[in-house]
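Dear colleague,

I am passing on the structure we spoke about, and my notes on it follow below. Please keep the model open beside you while you read.

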Amino acid sequence: DEKTLVLDVRNDYESEIGHFAGAYCPKLKTFREFPQMAEDLKKDYDPENTKVMMYCTGGIRCEVYSAVMKEKGFKNVFHLEGGIINYSRQAKEQGLENKFIGKNFVFDERLGERITDDIIANCHQCGKPCDTHTNCMNDGCHLLFIQCPECAKKFEGCCSTECKETRHLPGERRKELRKGIDKGRNVFNKSRQNRLKGNKS
């Protein structure tokens with residue numbers, strides 16, 4: 001339906017490994033970016049006549065995001081009750097074709113729950129097909145990124161050669177290096193691409 005927008009309201013690192021077929025996945029880093037993105041959607045979608053079908057992991061974020069969309073003038077806003085988690089469970093129980101492709105990012109030690117066998121993401125270090133999130137093993141980094149088994153072995157679970165080398169330093173030296181460093185939100189983004197490939201520059 002040309003008048004329907006399927007909108008993924010999760011952060012980009014979540015939708016990178018899995019999303020609904022045909023969904024619009026904005027490159028959101030945080031919730032703070034959502035109101036402007038909703039405003040920008042009005043350039044391409046008529047807020048009066050577009051049906052907005054939103055989804056998120058468990059349905060909670062959609063409650064807040066729906067209010068923002070309505071505030072921006074969208075009249076027909078709906079969201080997937082129970083999110084991807086509930087949808088995939090119901091699709092399986094009822095024997096329905098699953099329209100979600102790939103993995104659903106989850107906020108526990110698994111960092112992802114396989115929904116279909118499709119791998120739609122790539123290792124952030126070598127570019128091979130991969131959808132396994134990991135946190136950099138360097139205690140002073142802990143960057144969340146996608147890493148294939150080969151790169152995990154090569155970099156010892158770290159995001160860069162620098163972090164790999166830092167991990168092998170004595171504990172006091174590692175602690176000293178971490179002093180006064182503002183890590184911000186440690187999630188992979190394109191500006192960190194060179195670092196992940198092992199470049200120190």
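Of the 201 residues of the protein chain, 42% count as buried, where buried means under 20% relative accessible area and exposed means over 50%, with partly exposed in between (1.4 Å probe, protein chains only). Please bear in mind that this is a predicted model, in which local features need pLDDT of at least 70 and side-chain atom pairs count only at pLDDT 80 or more, while totals for chains, interfaces and linings use all residues. Residues are numbered from 1 along each chain as its sequence is written, and side-chain values use heavy atoms, with hydrogens and water left out.

The protein chain contains eight helices and eight strands; these are DSSP runs numbered from the N terminus, with helices (H or I) of at least four residues and strands (E) of at least two. Among contacts with a separation of 6 or more, 56% join residues 24 or more positions apart, a contact being heavy atoms within 4.5 Å.

Strand 3 is joined to strand 4 by four bridges, and Val52 stands opposite Val77 in strand 4.

Helix 3 (residues 60-71) has as its buried residues Cys62, Tyr65, Ser66, Val68 and Met69. These cover an arc of only 165 degrees around the axis, which puts them on the same side of helix 3; the arc is that of the directions from the helix axis to the C-beta atoms. They pack against strand 1 (4-8), helix 2 (34-41), strand 3 (51-55) and strand 4 (76-79), whereas the face turned away from the buried side carries the exposed residues Ile60, Glu63 and Glu71. After helix 3 comes Gly73, whose phi is positive, near 105 degrees.

Another open sheet is formed by three strands in the order 2-5-6, with antiparallel pairing. Strand 2 (18-20) and strand 6 (113-114) stand at its edges with a single partner strand each, so one side of each is left without a neighbour in the sheet. Three bridges join strand 2 to strand 5 (residues 100-104), and the bridge partner of Phe20 in strand 5 is Phe100. Helix 4 (residues 83-94) lies across strand 2 and strand 5.

Technical notes. Pairing = 2+ DSSP bridges. Axes fitted to C-alpha atoms, helices over the stretch in contact; angles between N-to-C directions.
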